[in-house]
Amino acid sequence: VPTMDMSIPAYRPPGVFGLWKGAVLGVTGSQSALPGLMDISSGALMFHQDYGRFHFSAVGMANKYWMPGISSPIGMPMLNTQYGFGGEVSYDIGKALTLHAFGTYYATNPMMGTAASPYLNSTTYGGYADIRFSEHFGSDVGVRRYLSPMTGKWVTDPIVKPYIKLNNKQKIGIDFGHLLKGLIWGNQEDMLPRGPVRMPPPDARPRR
């Protein structure tokens with residue numbers, strides 16, 4: 001699954017402060033370690049406003065990745081910091097359907113190897129429909145485009161994310177869009193190199 005988190009969370013994060021009617025300010029922070037691959041530290045400041053059937057979110061983010069030499073392309077320890085911002089607009093059509101449009105922009109998009117790229121956040125945008133089959137079951141269906149951390153090229157993926165909603169309104173789900181795309185159409189775009197291909201010099205040895 002490309003990128004660790006490519007959209008604004010739909011649930012309210014911990015550290016929420018009420019501002020006025022329908023408006024909250026949220027602060028989040030996390031740190032995780034992938035032994036032998038990288039350490040990730042992330043922080044975000046989010047503003048959310050409800051206005052009738054419309055919902056608006058804006059967020060500023062910072063991510064720091066530390067990778068030992070074995071995981072970096074040049075064989076040395078690497079420290080990369082990302083700063084970005086994003087937002088989401090949603091509209092409740094009814095109790096069973098909500099439409100979402102989202103986008104996230106990062107000023108830097110580091111290019112990493114195959115092992116590290118799935119855990120990097122990346123510039124992305126798209127939209128999806130939240131279809132609710134019952135109080136606790138539903139699915140997000142839509143499409144997104146993102147800048148691949150492995151190739152530096154834009155990639156389009158479907159969103160097919162069935163979920164279960166807990167009693168605290170938090171959704172737990174898995175996005176099968178990228179997997180289904182690979183099974184049906186293949187993922188040749190993930191194998192393309194970043195920039196022009198440099199061909200080796202011709203063989204200068206004389207032919208016999």
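A polar contact is a pair of N or O atoms within 3.5 Å; within protein, one atom must be able to donate a hydrogen and the other to accept it, and residues adjacent in sequence count only if both atoms are side-chain atoms. A contact of this kind, 3.0 Å in length, joins the side chains of Lys181 and Asp157.

## Basis of the model

The model is predicted: local features need pLDDT of at least 70, side-chain atom pairs count only at pLDDT 80 or more, and totals for chains, interfaces and linings use all residues. Residues are numbered from 1 along each chain as its sequence is written, and side-chain values use heavy atoms, with hydrogens and water left out.

## Overall layout

The protein has one helix and ten strands, where helices (H or I, at least four residues) and strands (E, at least two) are DSSP runs numbered from the N terminus. Read from the N terminus on, the order is β-β-β-β-β-β-β-β-β-β-α.

Of the 208 residues, 34% are buried; buried means under 20% relative accessible area, exposed over 50%, and partly exposed in between (1.4 Å probe, protein chains only). The protein exposes about 12,900 Å², and carbon and sulfur atoms supply 65% of this area. Accessible areas come from the Shrake-Rupley method with a 1.4 Å probe; for residues, only the protein chains shown count as cover. Among contacts (heavy atoms within 4.5 Å) with a separation of 6 or more, 48% are between residues 24 or more positions apart.

## Nonpolar core

A nonpolar core is a set of buried Ala, Val, Leu, Ile, Met, Phe, Trp, Tyr and Cys residues joined through side-chain atoms within 4.5 Å. The largest one has seven residues: Leu37, Met38, Ile40, Tyr65, Met67, Met78 and Leu120. Strand 3 (38–51) and strand 4 (54–67) each supply at least two residues of this core.

Leaving aside residues up to four places away in sequence, Tyr65 touches Met38, Asp39, Ile40, Met78, Leu79, Asn80, Gln82, Tyr119, Leu120 and Asn121.

## Helix 1

Lys181 belongs to helix 1, which spans residues 177–184, and counts as buried because its relative accessibility is 7%. The buried residues of helix 1 are Gly177, His178 and Lys181. Seen down the helix axis, the buried residues of helix 1 fall within an arc of 95°, so they line one face of the helix; the arc is that of the directions from the helix axis to the C-beta atoms. Their cover includes strand 8 (137–147) and strand 9 (154–165).

## Salt bridges

Five salt bridges are found in the whole structure, each a side-chain nitrogen of Lys or Arg within 4 Å of a carboxyl oxygen of Asp or Glu. One of them pairs Lys171 with Asp140, with the closest N and O atoms 3.5 Å apart. Lys171 lies in strand 10 (residues 171–173) and Asp140 in strand 8, so the pair ties together parts that are 31 residues apart in sequence. Lys171 is partly exposed because its relative accessible area is 22%, whereas Asp140, at 6%, is buried.

Asp175 pairs with Arg144, the closest N and O atoms being 2.4 Å apart. This pair links distant parts of the chain, with Asp175 in the loop between strand 10 and helix 1 and Arg144 in strand 8, 31 residues apart. Both Asp175 and Arg144 are buried. The Asp157–Lys181 pair is also a salt bridge, at 3.0 Å between the closest N and O atoms, and connects strand 9 to helix 1 across 24 residues. Asp157 and Lys181 are both buried. Through shared partners, salt bridges join Asp130, Arg132, Asp140 and Lys171 into one network.
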